[in-house]
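Reader: Hello! I am new to protein models and would like to learn how to read one. Could we go through an example together?

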Amino acid sequence: MENLLNLLKSFEKVSENKDKITYKSFILEEDFDLYRELRESGFKKVYEFSYGHRKVFVNKNLNSVFTYCEGDLIFEVFKTKEDYKNNYKKMEIFYSEY
């Protein structure tokens with residue numbers, strides 16, 4: 001968890017609304033140590049949302065979604081369980097169409 005927290009220090013807070021806070025960063029290539037750290041921190045890879053160069057990880061306990069896509073790192077923290085669940089439903093619809 002410590003490595004994940006250190007990584008998140010490099011993220012920039014890009015937006016906040018009533019539902020969530022979004023942080024972003026960038027890396028030049030896929031970091032498999034990052035994926036391991038996410039799993040060790042309680043994140044689960046969502047295979048139906050992940051393909052090619054996009055990987056999506058969720059953590060229900062932290063109301064969080066972590067996405068890697070072609071170097072972009074996006075970390076979303078939802079303010080309530082309800083906000084997290086609503087977003088998850090939207091992701092199911094979105095990723096089923098693409």
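Reader: Let me start with one residue. Leaving aside its neighbours within four places in sequence, which residues is Ser64 in contact with?

Author: Good place to begin, and keep in mind that this is a predicted model. Contacts with residues further along the chain tell you what surrounds a position. Ser64 touches Phe43, Phe57, Val58, Asn59, Phe75, Glu76, Val77 and Tyr84, with neighbours up to four places away left out. The residue itself belongs to strand 5.

Reader: Is Ser64 buried or exposed?

Author: For that, look at relative accessibility, where buried means under 20%. Ser64 has a value of 1%, so the residue counts as buried. Its side chain also reaches the backbone oxygen of Leu62, at 2.8 Å.

Reader: What does the phi angle tell me about a residue such as Asn63?

Author: Begin with the general idea: most residues other than glycine have a negative phi. Asn63 has a positive phi of about 50 degrees, although this residue is not a glycine. You will find Asn63 in the loop between strand 4 and strand 5. With a relative accessible area of 10%, Asn63 is buried.

Reader: Where is Glu70, and what is its phi?

Author: Glu70 sits in the loop between strand 5 and strand 6. Its phi is positive too, near 50 degrees, and again the residue is not a glycine. Here the accessibility is 60%, so Glu70 counts as exposed. Over 50% is the cut-off for that word.

Reader: Now a larger feature. Which residues make up the largest nonpolar core?

Author: Here is the general idea: in soluble globular proteins, nonpolar side chains tend to be buried together. In this model, the largest nonpolar core has eleven residues: Leu8, Phe11, Leu34, Tyr35, Leu38, Phe43, Phe57, Phe66, Tyr68, Leu73 and Phe75. Helix 2 (32–40), strand 5 and strand 6 are the elements that give two or more residues to this core. Helix 2 gives the most, with three residues.

Reader: What is Phe11 in contact with, leaving aside neighbours within four places in sequence?

Author: Phe11 meets Tyr23, Lys24, Ser25, Phe66, Leu73, Ile74 and Phe75, when those neighbours are left out.

Reader: How do I read a pocket? Which residues line the largest pocket?

Author: Ask about its space, its lining and the elements that supply the lining. The largest pocket holds about 150 Å³ of space. Its lining consists of Lys20, Arg54, Val56, Val65, Thr67, Cys69, Ile74, Glu76, Asn87, Met91, Phe94 and Tyr95. Two or more of the lining residues come from each of strand 4 (54–59), strand 5 (64–69), strand 6 (72–78) and helix 3 (81–97). Helix 3 gives the most, with four residues. Sorted by class, the lining has seven nonpolar, two polar and three charged residues.

Reader: Thr67 is in that lining. Which element is Thr67 in, and what does Thr67 touch?

Author: Thr67 is part of strand 5. Not counting residues up to four places away in sequence, Thr67 touches Arg54, Lys55, Val56, Asp72, Leu73 and Ile74. Its relative accessible area is 9%, so Thr67 is buried.

Reader: How far apart are the C-alpha atoms of Thr22 and Ser64?

Author: They are separated by 9.9 Å, while the two residues are 42 residues apart along the chain. Thr22 lies in strand 2 (residues 20–26). At 6% relative accessibility, Thr22 is buried. Glu12, Lys13, Val14, Ser15, Ile74, Phe75 and Glu76 are what Thr22 touches, again not counting residues up to four places away.

Reader: Lys13 is one of those touched by Thr22. Where does Lys13 lie?

Author: Lys13 lies in strand 1 (residues 12–16). Its accessibility is 46%, so Lys13 counts as partly exposed. With neighbours within four places set aside, Lys13 is in contact with Ile21, Thr22 and Tyr23. The Lys13 side chain also makes a polar contact, at 2.7 Å, with the side chain of Glu16. As for distance, Lys13 and Phe26 are 13 residues apart in sequence and 13 Å apart in space, C-alpha to C-alpha.

Methods: Residues numbered from 1 in each chain as written. Predicted model: local features only at pLDDT ≥ 70, side-chain atom pairs only at ≥ 80, totals over all residues. Heavy atoms only, no water. 1 Å grid on protein atoms, 1.4 Å probe; cavity = no way out; pocket = protein on both sides within 12 Å on 5 of 7 lines; lining within 4 Å. Points joined across faces, edges and corners; volume = space filled by probe spheres on them. Nonpolar A, V, L, I, M, F, W, Y, C, P; charged D, E, K, R; others polar. Core = buried A, V, L, I, M, F, W, Y, C linked by side-chain atoms within 4.5 Å. Buried < 20%, exposed > 50% of the residue type's maximum accessible area, 1.4 Å probe, protein only. Contact = heavy atoms within 4.5 Å. Polar contact = N/O pair within 3.5 Å; in protein donor to acceptor, adjacent residues only side chain to side chain.
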